[in-house]
Amino acid sequence: DAQCDEGGVAGCRQPVHRASSPTLGHFYTLDLAEASSGDFKLEFQNYYHLYTQQLPGLVPFHRCLKGDGRRFYTTSATCEGAGPVECVLGFIGTEAACGAVPLYRLYGNGDHFYTVSDAERDTAIAMYGYLFEGQVGFVWPGP
């Protein structure tokens, strides 16, 4: 109805799962099986949610495949030159609307790391040497 969703509306938002690998870093996917494939270990099921369709205030959120096999996530249709688009995960908000929270992007040791947590962002910077690259957009904690 072009308003904020009144609770979980089937098919509007889909969950994104977070996994990590000692060889390929952090990985974000819609597929739970993919999040546990190879040497990936699932860290968070349903870590955040993205819209399944492009609506006003939403832009495509691309999953890009870098030359070293790692993934990179961006709103840039050219993957910021990091490699080809592998898929569109969903649609991310350009502003905080309808309960959306910021998704932060950090980089360290070849790994792009994305988090919705201020505390986790700060710990990644202070303890693990990640560099804060900014806010990618806004995601939703639930469907």
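Tutor: A residue is called buried when its relative accessible area is under 20%, exposed when that area is over 50%, and partly exposed in between, with a 1.4 Å probe and protein chains only. The model before us is predicted, so local features are taken at pLDDT of at least 70 and side-chain atom pairs at pLDDT 80 or more, while totals for chains, interfaces and linings use all residues. Residues are numbered from 1 along each chain as its sequence is written, and side-chain values use heavy atoms, with hydrogens and water left out.

Student: Is Ala100 buried or exposed?

Tutor: Ala100 counts as buried because its relative accessibility is 12%. Its place is in the loop between β6 and β7, where strands (E, at least two residues) and helices (H or I, at least four) are DSSP runs numbered from the N terminus.

Student: Which residues is Ala100 in contact with, leaving aside its neighbours within four places in sequence?

Tutor: Contact means heavy atoms within 4.5 Å, and with those neighbours set aside Ala100 is in contact with Glu95, Phe138, Val139 and Trp140. By comparison, the C-alpha atoms of Ala100 and Gly69 are separated by 30 Å, although these residues are 31 apart along the chain.

Student: Which residues have the most contacts inside the largest nonpolar core?

Tutor: A nonpolar core is a set of buried Ala, Val, Leu, Ile, Met, Phe, Trp, Tyr and Cys residues joined through side-chain atoms within 4.5 Å. The largest has 25 residues, and those with the most contacts inside it are Tyr28, Tyr48, Leu50, Phe61 and Leu89. Apart from it lies another core of six residues, including Tyr51, Phe91, Ala100 and Phe138.

Student: How many aromatic pairs are there?

Tutor: Rings of Phe, Tyr and Trp (its six-membered ring) pair if their centres lie within 6.5 Å, and the planes count as stacked under 30 degrees apart, edge-to-face over 60 and tilted for the rest. The structure holds 10 such pairs. One of them, Tyr28 with Tyr73, is edge-to-face, at 5.2 Å centre to centre and 85° between the planes. Tyr28 lies in strand β2 (residues 25–29) and Tyr73 in strand β5, 45 residues apart, so the pair links distant parts of the chain. Tyr28 is buried at 1% relative accessibility, as is Tyr73 at 0%, and ring pairs link Tyr28, Phe61, Tyr73 and Tyr114 into a cluster.

Student: Which residues of β8 are buried on one side and on the other?

Tutor: In a regular strand the side chains alternate between the two faces of the sheet. In β8, both faces are covered, with Asp111, Phe113 and Thr115 buried on one side and His112 and Tyr114 on the other; this strand spans residues 111–115, and five of its five residues are buried.

Student: How many bridges join β7 and β8?

Tutor: Two strands pair if DSSP finds at least two bridges between them, and β7 (residues 101–108) pairs with β8 in the antiparallel sense over five bridges. Thr115 in β8 is the bridge partner of Tyr104. The hairpin has two residues between the strands, and Asn109 takes a positive phi near 50° there.
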